[in-house]
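Subject: Two-chain model for you to look at

Hello,

Here is the model I promised to send over. Please open it and keep it beside this email while you read.

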Amino acid sequence: MAADEVPYGTLDLMVLKTLDGLGPLHGYGIARRIEQVAQGSLALNQGTIYPALLRLEQKRWIASEWGTSENNRRARFYRITTAGRKQLAAAAESWARTVSMVNRLLENEP
Amino acid sequence: MSPRVLLSRLLDPLFRARRDRRLNDEVRLHLDLLAEEFEAKGLSPEEARSAARRAFGGVDQVAMRYRDQRGLPLVESIAQDARFAGRSLTRDRGFAITTVLVLALGIGVNNMMFTILYTHTLRSLPVAGADRVVFVSTRDERNTDRGLSWLEFDETRQAVGGTALAAFATGPAALADADRAPERVERSHVTGQLFDVLRIAPIIGRVITVEDDRPGAPPVAVVSESIWKASFGGDRSVLGHDVSIDGSPATIVGVIADRSGFPASSNVWQPLASSKSLDRDDRAARVLRVVGRVREDQRMDEAMAEVRTVGDRLSADHPDASRGIHTRVVTINERFLGRASDPAWAAFMAVGFLVLLIAAANAAHLMIARGLQRAREVAIRASLGASRWRLFRQLLLESSLLAAVGGAIGLGFAVAGVRLFRQGIPAGILPYWMDYAIDARVLAALVGVSAITAVLAGTVPALQACRADVNDTLRNGGARVTDSRVGRRWSGALLVVELALGVVMLANVAFSMRVSSASVPSDAALTTDTVLTGLVSLPADRYPSPQSRLAFQDAVKEQLARLPGVRGVAMASALPVFPVSERKILAEGQERGDAISVRQVAIGEEYFDVLGLGAERGRLFTSEDGVPGSDSVLVNAQLAARLFPDGNPVGGRIALVPPQETAALEWRTVVGVAPIIRQRPQAEPEPIVYMPLRLSPPAAAAILVAGDLPAAQIAPAAREALRRIDPAVPLYDVAALGEAVARAEWNARLSHSLLLALTLIAVGLAAAGLFAVINRMVAGRRREFGVRLALGASASDVARLVVGNAAKYVAYGAVAGIAAAIAWDAAFGVSARSQTTLPGARLADPIVLLAIAGVLAAVALLASLAPVRMALGVDPLAVLRQD
């Protein structure tokens, strides 16, 4: 399915980072933010955000509650938990390590 | 999966509705916000809405993945699939019923045959610790299952250290006491260790011990529970009761439970020391059966080898009495149950799996045909986000459901089949440990076989159905689906084999029915209920000489003839249809090597008269035959034809060839040709020689009493008359002649029924297979039929096309089957071996084969009815519109 164009596992990391940076957001807000940052370089089927949100919530890395959106609609707001922050730090570090390793590998290629 | 996620998933069913609502709300809001955004960019409301949907991706796919993430998707979706499969199968009832029945037949036959195999070979004997009990016997070139002589047993027992050995010998005896008529029992003389070796404990009293098994010990007996209940009222006072066994006194000291005794046929046990017939000095009198229990500290293989070595050394030490005698040691289970790996059992079970395989193949055809019809449904589900795996699983689940229902019904078939099979075997034939119970292991086999069948029958159809091209199928509305060409060719080949098999089996049944039902004139005489029959067996110690046995016979005839309503009394060595011994015979002018094997019956002079039959030529026996100085014999027409092909047998000379090479031939004169009587159930009449009974009166004889009354009314008086002659000789197996003959025929009848049932199943499966293949053909060519109808083909054209296709398979199958029948007959000589004298009766009989072809044609017509209806039901307009 098209959502797989997001590298596997990175959607979770992007969601956590977004919530960490911007505070509580609803699903639409998260999806828009990720698209903004990607600047069109990512073909995200926005719907795929919801299974990811559920997954993160099951792991208690994020929590959610009902609130009111900017246009006064009932919306579900997600926020990052303490456990989520820890996970984000660990995942970000591991991501950075992986990226720099891959980069070194690619740069050393003659 | 972390425990926390698992918990969330496990709890999901509680919150399912709420979570579904929550996702709905979130998605709606998301879409609204997206649409507003697009509208703000200047799109019309409708355009904005569809752009929002595109950006969001498939709502249903998201919902599905969301659900997968939420609960336990495997369990949940399987439950959902099962509900769906159940619904779709009830909608397509014809398909479901046919498939279930086909599978039930295959699984049922398989399970029935497994139950029988299991009972006969795989169960253990009901002996405690049976795996450490061995059976010792001897073999030579002529006989692979001889016993041991007393000397051999005694010396082996003393020389062997690793195994405790015990011996027994079983034979008929008469049990009587002061106030009861004698009763025929099976008595085993046993050594003092037998009950210990087999760990058989008494219900009351005690068993026979080493102290009892000494010369001069007080005579004792142990009886079975059923004798205790039937003859002694189940009262404890039986202990210490004095009885007479074959005329010798004995005291009953114990009772052992039915279904625990050994050997199974015994119901009275006495010490071997009290046996009057055991020859303790003849090393070649091998009448003892020997069992042993290997000591706990010994290895089985070493202990068995020790017994074998000791036995073979004894044979080597006594070359005169033991030339060529080898000792054989096997476990008791192997001796009495046989091995499942025995070729006969392997063939038996192979048939069971062949039937299952054919049934599974037929079910697969039916499912493929159905898959072709519902290609559209599958394509729609695929386009709605169902993964290939999910579709495959769904289809496999459907076949599993069918196999499960088929297995349940198959269990019913198996239970009924085993019960019918069991009823075909008269009581007392099988040892008590063969009771064909369907236990946990048989059920486990059933479940396993059902599961394998589901996979066998379901995999290919499921793969084929979910491999179809989604786009193509949707575009043409499911009307144009492609069937696999290779698969079709294979299924056609399988069908031809099924049909050919049906032809061969039908030809075989027709042949054996013709041969066995061909009547001989005596058949009517043998079904009568006014001839009473019974057996007597004279104890050797009371009737040691031919003269004493002759005196007994004369007394029997005299006493019985006096009874009211009795017209005639005869004795013989065996009843009609019952097995008799064989004898080698040659005619004058033939060499000793030309001797032929024939059946030999010794009869009293009244025998044929009692049966109401007269001589075909010459005369029958009189009281002058069989006395010293007379050399008369009778032959039947079959023997006359063999020995005197072109002359009158009456007055001809024939010689009986003694078993010893060096002994002189015994020449006798044929005085008449006897009427034809079978001595083998439902078989062609064979050559028989009749000897006068007086010549050598046998210890075991049959008595026939012809009366004006039904046999049952004469029976009590006849028993009483025999008791007056000798209380130690009971009349047993008392029955009307017709009844006795029917009983003797059980084996042949049972194998006939089994053959007939298997044939019907084979033909039924072939018919189902034909239906399935034609159905599949029509399902795969629906578009073609639509076009044909649109172009003006009439209903009868289409019908002819479908029926023609069926006829093609039947023609191939019939030709292959007829060829196979002819080849089989030629290769194995089925017709020749049956020695049939019926004109034109052979396996590959043209008229029978033509009739079978006719039956198959009718089957083909029937099997193509539903497919023709399906072909005609294609809507030409719908087909054309889709192109």
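Below are my notes, starting with each chain and then moving to the details.

One caution before anything else: this is a predicted model.

**The two chains**

Chain A comes to four helices and three strands. Along the sequence, these elements follow the pattern α-β-α-α-β-β-α. Chain A has 110 residues, and 31% of them are buried. Take the contacts in chain A with a separation of 6 or more: 49% of these link residues 24 or more positions apart.

Chain B has 29 helices and 21 strands. Of its 883 residues, 40% count as buried. For chain B, residues 24 or more positions apart account for 81% of the contacts with a separation of 6 or more.

**Where the chains meet**

On the chain B side, 21 residues are in contact with 21 residues of chain A. Three helices of chain B each supply at least two residues to that side: helix 1 (3-40), helix 2 (45-56) and helix 3 (59-70). Helix 1 of chain B gives the most, with 10 residues. By class, the side of chain B that touches chain A has nine nonpolar, six polar and six charged residues.

**The sheet in chain A**

Chain A holds an open sheet of three strands, in the order 1-3-2, with antiparallel pairing. Which strands stand at the edges? They are strand 1 (25-26) and strand 2 (62-68) of chain A. Each has a single partner strand, so one side of each is left without a neighbour in the sheet.

Strand 1 of chain A is joined to strand 3 (residues 74-80) of chain A by two bridges, and the two strands run antiparallel. Look for Leu25(A), which stands opposite Tyr78(A) in strand 3 of chain A. Helix 3 (residues 49-58) of chain A packs on the sheet. This helix touches strand 2 and strand 3 of chain A, and its direction makes about 120° with that of strand 2.

Follow helix 5 (residues 93-122) of chain B, and take two of its packing partners in turn.

Start with helix 23 (residues 746-780) of chain B. Helix 5 and helix 23 of chain B pack at about 150°, with their axes 11 Å apart. That angle is over 145 degrees, so helix 5 of chain B is roughly antiparallel to helix 23 of chain B. The crossing is left-handed. Helix 5 of chain B brings Thr98(B), Val102(B), Leu105(B) and Val109(B) to the contact. Helix 23 of chain B brings Ile761(B), Gly764(B), Leu765(B) and Ala768(B). By class, this contact has six nonpolar, two polar and no charged residues.

Now helix 13 (residues 388-423) of chain B. Helix 5 and helix 13 of chain B pack at an angle of about 45°, with their axes 6 Å apart. Helix 5 and helix 13 of chain B are therefore oblique to each other. Helix 5 of chain B passes helix 13 of chain B in a right-handed crossing. The residues of this contact divide into 17 nonpolar, eight polar and no charged.

**Strand pairing in chain B**

Strand 13 (residues 581-587) of chain B is joined to strand 17 by four bridges, and the two run antiparallel. Here Lys584(B) has Val657(B) as its bridge partner. Strand 17 of chain B also pairs with strand 18 (residues 666-674) of chain B, in the antiparallel sense and over four bridges. Ala655(B) has Trp667(B) of strand 18 as its bridge partner.

**One loop residue**

Last, find Leu695(B). This residue is in the loop between strand 19 (688-692) and strand 20 (700-707) of chain B.

Which residues is Leu695(B) in contact with, leaving aside its neighbours within four places in sequence? They are Ala602(B) and Gly626(B). Look also at Ile603(B), which is 92 residues from Leu695(B) along the chain. The C-alpha atoms of Leu695(B) and Ile603(B) are separated by 9.7 Å.

Best wishes

Note on methods:
Residues numbered from 1 in each chain as written. Chains lettered and ligands numbered in written order. Predicted model: local features only at pLDDT ≥ 70, side-chain atom pairs only at ≥ 80, totals over all residues. Contact = placed C-beta atoms within 7 Å. Nonpolar A, V, L, I, M, F, W, Y, C, P; charged D, E, K, R; others polar. Pairing = 2+ DSSP bridges. Axes fitted to C-alpha atoms, helices over the stretch in contact; angles between N-to-C directions. Parallel < 35°, antiparallel > 145°, perpendicular 65-115°, else oblique. Left-handed = near helix turned anticlockwise from the far one by under 90°. Buried ≥ 20, exposed ≤ 12 C-beta atoms within 10 Å, placed from the backbone.
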